[in-house]
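Please keep the structure in view while reading.

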Amino acid sequence: MLRVVDLVRTFGKHRAVDGLSFTVGTGEIVGLLGPNGAGKTTTLLCLCGLLRPTSGRIELNGTEVPSERGKSIALVPETPEVYPMLTVWEHLLFVARSLRLDTGWEARANTLLGRLGLMSVRDILGQELSKGMRQKTLLAATILAHAPVLLLDEPMIGLDPLGQRELRELIRELRNDGTAIVISTHMLEAAESLCDRLIIMKEGRAVASGHVAELRLQVISGRTLEDVFIEITA
């Protein structure tokens, strides 16, 4: 479904992303791992169209994706910025009307509010929400949009343990429904339990990729994902 070919993004003389290539299939979760400054967030911003790549190709179903991604690729950023004067429900209403969702969207929206623990703040303004509640509001609105490609930048940060567990279940359900998902995270345990494949990045490049078991074999068989990560990125 999603194909990234020789993606490069520079800022002046600095190459934040340096020739990155990977694919994400329908119903597949791919994790981007790497130390701070590895280029994970820059990659996601290029994929969703918020940053223009310096060079390279981003393809969806064999066709190069235009700069205006529309309904095709959705991003939940690491920093949860919401509209301060819209309530939680109005964020979902805004998405539904903007994307002209079908008439069943309200039932799906209420289900998401319940599962993410947002019912009690349904009519609270964005400016009054805690960071965790802002994060959940963005997650609910983005999942409601049901884009074929979903990008999640550190989605677990700011969520309580119950929220993290519910989000993991939602992500698995989206994968089972055919969504292609890319997750950038520092939480190795979550990456190991959720992702079908992992890409370890360093200085803008993919230095290792594969299933968890394959990555372990690239270093020393039987070691934990944390050991592998530190060994590869050191």
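**Reading rings, sheet and core**

A: At 11% relative accessibility, Trp 105 is classed as buried. The model is a predicted one.

Q: Which class does Trp 89 fall into, buried or exposed?
A: Trp 89 is buried as well, at a relative accessibility of 11%.

Q: How is a pair of aromatic rings described, and what is the arrangement of Trp 89 and Trp 105?
A: In general, the distance of the centres and the angle of the planes describe such a pair. The ring centres of Trp 89 and Trp 105 are 5.5 Å apart and the planes stand at 25 degrees, so this pair is stacked. Trp 89 belongs to helix H2, whereas Trp 105 belongs to helix H3 (residues 105-115); the pair thus links distant parts of the chain, 16 residues apart.

Q: Which charged residue sits over the ring of Trp 89?
A: The charged end of Arg 122 does, at 4.0 Å from the ring centre. A further case is Arg 9, which lies over the face of Phe 11 at 4.6 Å from the centre of that ring.

Q: How many aromatic pairs are there?
A: The count is 2 aromatic pairs. Tyr 83 and Phe 94 form one that is edge-to-face, with 5.6 Å from centre to centre and 70 degrees between the planes. Tyr 83 is in the loop between S6 and helix H2 (88-98), and Phe 94 is in helix H2, so the pair ties together parts that are 11 residues apart in sequence. Tyr 83 is partly exposed, with a relative accessible area of 46%; Phe 94 is partly exposed too, at 43%.

Q: Let us turn to the sheet. In what order do its strands stand?
A: The sheet is open and has 6 strands, in the order S6-S7-S8-S3-S9-S10, with mixed pairing. At the edges stand strand S6 (73-76) and strand S10 (205-210); each has a single partner strand, so one side of each lacks a neighbour in the sheet. From one strand to the next, the twist averages 20 degrees.

Q: Which strands pair with S3, and in what sense?
A: Strand S3 (residues 29-33) pairs with strand S9 (residues 197-202) in the parallel sense, over 4 bridges. S3 and S8 also run parallel and are joined by 4 bridges. Val 30 illustrates both pairings: Arg 197 stands opposite Val 30 in S9, and Val 182 is the bridge partner of Val 30 in S8.

Q: Which helix lies across S3, S7 and S8?
A: Helix H5 (residues 161-176) does, and H5 runs at about 145 degrees to S8.

Q: Is Gln 135 buried or exposed, and what is it in contact with?
A: Gln 135, found in helix H4, is buried, with a relative accessible area of 1%. Beyond its neighbours within four places in sequence, the contacts of Gln 135 include Val 76, Pro 77, Glu 154 and Leu 159.

Q: Where does Leu 116 lie?
A: Leu 116 lies in the loop between H3 and H4 and is buried, at 3% relative accessibility. Leaving aside neighbours within four places in sequence, Leu 116 is in contact with Lys 136, Leu 139, Ala 140 and Leu 170. The C-alpha atoms of Leu 116 and Leu 162 are separated by 8.7 Å, although these residues are 46 residues apart along the chain.

Technical notes: Residues numbered from 1 in each chain as written. Predicted model: local features only at pLDDT ≥ 70, side-chain atom pairs only at ≥ 80, totals over all residues. Heavy atoms only, no water. Pairing = 2+ DSSP bridges. Helix = DSSP H or I, 4+ residues; strand = E, 2+ residues; numbered from the N terminus. Axes fitted to C-alpha atoms, helices over the stretch in contact; angles between N-to-C directions. Contact = heavy atoms within 4.5 Å. Phe/Tyr/Trp six-rings, centres within 6.5 Å; stacked < 30°, edge-to-face > 60°. Buried < 20%, exposed > 50% of the residue type's maximum accessible area, 1.4 Å probe, protein only. Lys NZ or Arg CZ within 6 Å of the ring centre and 35° of its normal.
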